Amino acid sequence: MKILNFILKHWILSSAILLILAAVSFYIAGRNSSSVYNTVIADRGNIRQEVSVTGKIKPVSAADLAFEKTGKVSRIYAEVGDKIPAGKILAELDRSELLTQLAEARANFEAQAAKLTELRNGTRPEEIQIQEVKVSNAETALADARQYLIDKINESYTKSDDAIRNTADQFFNSPRSSNPQLSFSPSDGILKSKLENDRANLESLLVSWNDGLKDLNLGSDLNSFASSANYNLNQVKDFMKNAALVVNVLTPNSNLTQTTIDSWKSGVSAARTAVNTGLANLSAALEKMRSAQSSLDLEKNQLLLKKAGSTQETISAQEAQISQASAKVENIQAQIEKTFLR
């Protein structure tokens, strides 16, 4: 009890004695151990820790990139792992077709712009002179066409006169009188009477037609003359058609030989062909004259327009054309930009 009281009173001294005893015991135990220690020289380096795990790597931030339009990729400018600054082109689509369209659109824009400049500057004196020459040429062409029509009108009379007086009159008695008669008796009495009446009427027609042609010239109303000639030719055409009907069925007799019949048939056939040709030539000549007149009117109007210059409406319309052409260029350029991936 006294010893315990002594220790409690002197605990600091007791603690020191215990520590010394423990140290001596540890030292003696260490000397008796066979442990081997590895030593290294202290040096500066990197500390690396390798970890082998299964999983997915997730970036801190990510962005999904895609072309604004579909197409075939033609070039790639970056590889996986490259450091890419913002705005750099990564890849591009084939744009050869768009480049062709752009070239065409730009050419059209330039053409429209040049036309606007021309409209604003007005017609050059050289162009007016050229147009005046065109008017002169058109006037010459019209004069030639009118003369050609006159020739065909006269030709129509000649063919008609030959068909009636030189061909059909071979089988008529007193053909130019008021009462012509066929020199033979066809089986069709009605057709005989018609031919005889028509021959008398055609004589009057040929006489009046010939008299009217005396006033035919370049200053005449050629449309009216051509219309009359067309009517007269058709009268002769119908007459020769009926003449062919009676001549082609004739047979020889004591007063009529086969040779004569064959001659009449040949003559009537040739006359009918000539009359039909006259009708076709007359129609073509009339159309030629009308076409030449239209061409002259057009060239004269063009000359007036060139002398008058461009109206404000025309200039405004051309400005609108330029705006459309410019918009098309911009649209294609926008489509080309969409072929880049940035």
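N242 counts as buried, at 12% relative accessibility. The residue is found in helix α6 of this predicted model. Neighbours within four places in sequence aside, N242 is in contact with L191, K194, L195 and D198.

## Overall architecture and confidence

The secondary structure of the protein chain consists of eight helices and five strands. Read from the N terminus, the elements follow the order α-α-β-β-α-α-β-β-α-α-α-α-β. Of the 342 residues in the chain, 27% count as buried. Among contacts with a separation of 6 or more, 75% are made by residues 24 or more positions apart.

The model is predicted, and the mean pLDDT of the protein chain is 86. A pLDDT of 70 or more is reached by 85% of the residues. Confidence is highest in helix α6 (residues 222-247), with a mean of 97, and lowest in helix α1 (residues 2-9), with a mean of 54. Where pLDDT is low, the predicted coordinates should not be read in detail.

## Packing of α6 against α7

Two packed helices are described by the angle between their axes and the distance between the axes. For α6 and helix α7 (residues 258-308), the angle is about 160 degrees and the axes are 9 Å apart. An angle over 145 degrees counts as roughly antiparallel, and α6 and α7 are therefore roughly antiparallel to each other. The crossing in which α6 passes α7 is left-handed. The contact of α6 with α7 comprises 17 nonpolar, five polar and five charged residues.

Which residues does W264 contact, leaving aside its neighbours within four places in sequence? The list consists of Q170, F171, S183, F184, V247, L250 and L256. W264 has its place in helix α7. With a relative accessible area of 9%, W264 is buried, because a value under 20% is classed in that way. The C-alpha atom of W264 is separated by 8.9 Å from that of A244, a residue 20 positions away along the chain.

## Packing of α4 against α7

Helix α7 also packs with helix α4 (residues 125-167): the axes of α4 and α7 come within 8 Å and cross at roughly 165 degrees. This pair is therefore roughly antiparallel as well, and α4 passes α7 in a left-handed crossing. By class, the contact of α4 with α7 divides into 21 nonpolar, nine polar and 13 charged residues.

E299 is one of the residues of helix α7. Not counting residues up to four places away in sequence, E299 touches Q131, K134, V135 and A138. The C-alpha atoms of E299 and N137 are 9.5 Å apart in space, while the two residues are 162 apart in sequence.

Q318 has its place in helix α8, and E319 lies in helix α8 (residues 312-337). Are these residues buried or partly exposed? Q318 is buried, with a relative accessible area of 5%, whereas E319 counts as partly exposed, at 30% relative accessibility.

Neighbours within four places in sequence being left aside, Q318 is in contact with Q112, K115, L116 and L119. On the corresponding basis, E319 is in contact with L116 and R120.

## A backbone exception at S174

Most residues other than glycine have a negative phi. S174 is not a glycine, yet its phi is positive, at about 50 degrees. The residue lies in the loop between β3 (172-173) and β4 (181-182). With a relative accessible area of 48%, S174 is partly exposed.

Notes:
Residues numbered from 1 in each chain as written. Predicted model: local features only at pLDDT ≥ 70, side-chain atom pairs only at ≥ 80, totals over all residues. Heavy atoms only, no water. pLDDT = per-residue confidence, 0-100. Helix = DSSP H or I, 4+ residues; strand = E, 2+ residues; numbered from the N terminus. Axes fitted to C-alpha atoms, helices over the stretch in contact; angles between N-to-C directions. Parallel < 35°, antiparallel > 145°, perpendicular 65-115°, else oblique. Left-handed = near helix turned anticlockwise from the far one by under 90°. Nonpolar A, V, L, I, M, F, W, Y, C, P; charged D, E, K, R; others polar. Buried < 20%, exposed > 50% of the residue type's maximum accessible area, 1.4 Å probe, protein only. Contact = heavy atoms within 4.5 Å.
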